[in-house]
Amino acid sequence: MVFSPLLVAALFSVAAKAANDWSQPCFGECNWDITSGSGSGTVRITGPQAAVSDITNAAGWAILDCDANTADQDIRLVCQDPSKGCDHVYNNNAAGTLVRLPKDCGSTPFALVTREWTHQDQSIPATVQSKISRRDGSQPVVKGMSLATNFADANVTNGNVALFLMGSSIPGAAGNFTVEPPTGASATKRGLGSWVDESLGALAKVHANFLGIGDFNKNITGTSPINFSKDFPLFDKQISCPQQGNVPAFSGEAKVDLNGNVDGTVNYGVAAKGSILPPSLDEFGLFVGLDATITGTLGIDATLTGSISSGKIPLFSVGIPELDFPKILSIGPTFNVDAEATASLDANLDMDVDLAYDVKGLQLFFPPGSNSQAGTYTPGDSNIKLSVSPNVTSHGQVAAHLIPSLNFGISALGGKTQATVDLALDADAALDLSLTAGAEASTSTSGNGASAEVGGCVDITSGLNVNAGANADFFSIFKKDTSVPLFQKNFDLFKKCFGSSTARRAYTGRAARAALLSRDDGVSCPTSLLGTAESVVEQQVSGSR
């Protein structure tokens, strides 16, 4: 989907306007806008005239008693100006009608009238009495209404009520719909799935126009900073190794650590379509915009042999400002960082390798629809240092993952359905190593690595995999354990073979990586003399190569 700059500007001017007009009554169709500083959004409900009404001042009503912080409650109200349409709520029967509430009445924008009666307390405050407009001068009757927001328990008597919703983490970006929803009877018909895709695509363009694609600016309102910096061990095991044959006693250790950094900004948007009576969503979509720099250094120091598996380790979690359409849809995002390392070792190994990635203008959509994922992913320069025992035959593999993720907790229609959608950016580095016994190594002053006397091959790769998933069923839109690959890119950081053709042929390569890394035999003391680690590679690899 391609938008011209003029159309994008027009979309932004439309989106910035508020959909809800408090000066006009909403009969059969109502809008409500998020007005908090943490985001923007609009929800529209539409249905038969008897199903959707209004008890605000715009419809002639004055609320006498109502708790602004309570959803389900009994209220007192009076019709102060019949000419504005007080009687509309009685089109079929007040009970069963979904009504718009004033800002200072209730904690939700809409509520269902479950009961209406003539209240025993007929007192009217003087401030309201002075505004009462009746041609015959008669005293109005104070009414009582019971309001409920558990829509799943509602007895739908006045007709189904359709729901359209759009929200943005950027204030002003979604004050109105970027794509106008259908109105009238067509709004309740199925087969409108393209509305969510079109709305999200247009909203993503508004975001890009507002923020500037790929512009890294933490000061723009609506972009949440995501920051993480930590040096942490992934695996550390020490063993006091006794003498075995010609191997003297020594203190052995296998240690894997990662110095990780994530610095960036995130924004997001959402669109949904369905019905509030009865409560159900037919379509739902989420997009995430991300600019970030991901860097880190993986360090391994091992004098033990065997396999290492750290499992996924949670390192960091922080909340991101939420979007809340009370009792309709709430989204609470968190930024998390996990890490994981696996290794299969049979030599004295000392390695440092950098992870370095720039993510610019990344736009991800879930579930995937007609909108294309966008953005650029560029590897940065990486420093590589590797020292191994030159006098053993080694077939070693190492893989490490730094996994920033955005988890979106979603609660829809009063908690009828809840799920978490996670978008994980798995930045990884992997080493495949094959060396033959008896090789001698020396450090090259030119920075090109080992001398020709070293036999074997070193292969270091990096990559970024972006996957989306869900932990629960969400209506019929997506299922529990859904997993969708959204983006994948792999790079060869460094690959070089040294020494004789025999040593080169001994290279096991990437094909052996999965089998070796799946070993689960732990680490133990070596049964042969490993010797002192000698430098094989020490150089910087350019990310632009």
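Colleague: How is a cavity defined when one reads which residues line it?

Modeller: A cavity is a set of grid points where a 1.4 Å probe fits but cannot get out, and lining residues have an atom within 4 Å of a point. In this predicted model, the second largest cavity is lined by I226, V262, L290, A292, I294, F335, P404, S405, L406 and L425. Two elements, β12 (280-302) and β20 (394-412), each give two or more residues to that lining.

Colleague: How many residues of this lining are nonpolar, polar and charged?

Modeller: The lining of the second largest cavity has nine nonpolar residues, one polar and no charged. The space in this cavity is about 60 Å³.

Colleague: What is the handedness of the disulfide of C457 and C497?

Modeller: The disulfide of C457 and C497 is right-handed, because the torsion about its S-S bond is about 105 degrees. C457 lies in strand β22 (residues 456-470) and C497 in strand β23 (residues 483-498), so this pair ties together parts 40 residues apart in sequence.

Colleague: Is C497 buried or partly exposed?

Modeller: C497 counts as partly exposed, because its relative accessibility is 26%, whereas C457 counts as buried at 1%.

Technical notes:
Residues are numbered from 1 along each chain as its sequence is written. This is a predicted model: local features need pLDDT of at least 70, side-chain atom pairs count only at pLDDT 80 or more; totals for chains, interfaces and linings use all residues. Side-chain values use heavy atoms; hydrogens and water are left out. On a 1 Å grid over the protein atoms alone, a cavity is a set of points where a 1.4 Å probe fits but cannot get out, and a pocket is an open set with protein on both sides within 12 Å along at least five of seven lines; lining residues have an atom within 4 Å of a point. Grid points are joined across faces, edges and corners, and a volume is the space filled by probe spheres set on the points. Helices (H or I, at least four residues) and strands (E, at least two) are DSSP runs, numbered from the N terminus. Ala, Val, Leu, Ile, Met, Phe, Trp, Tyr, Cys and Pro count as nonpolar, Asp, Glu, Lys and Arg as charged, and the others, Gly among them, as polar. A disulfide is a pair of cysteine sulfur atoms within 2.5 Å. Buried means under 20% relative accessible area, exposed over 50%, partly exposed in between (1.4 Å probe, protein chains only).
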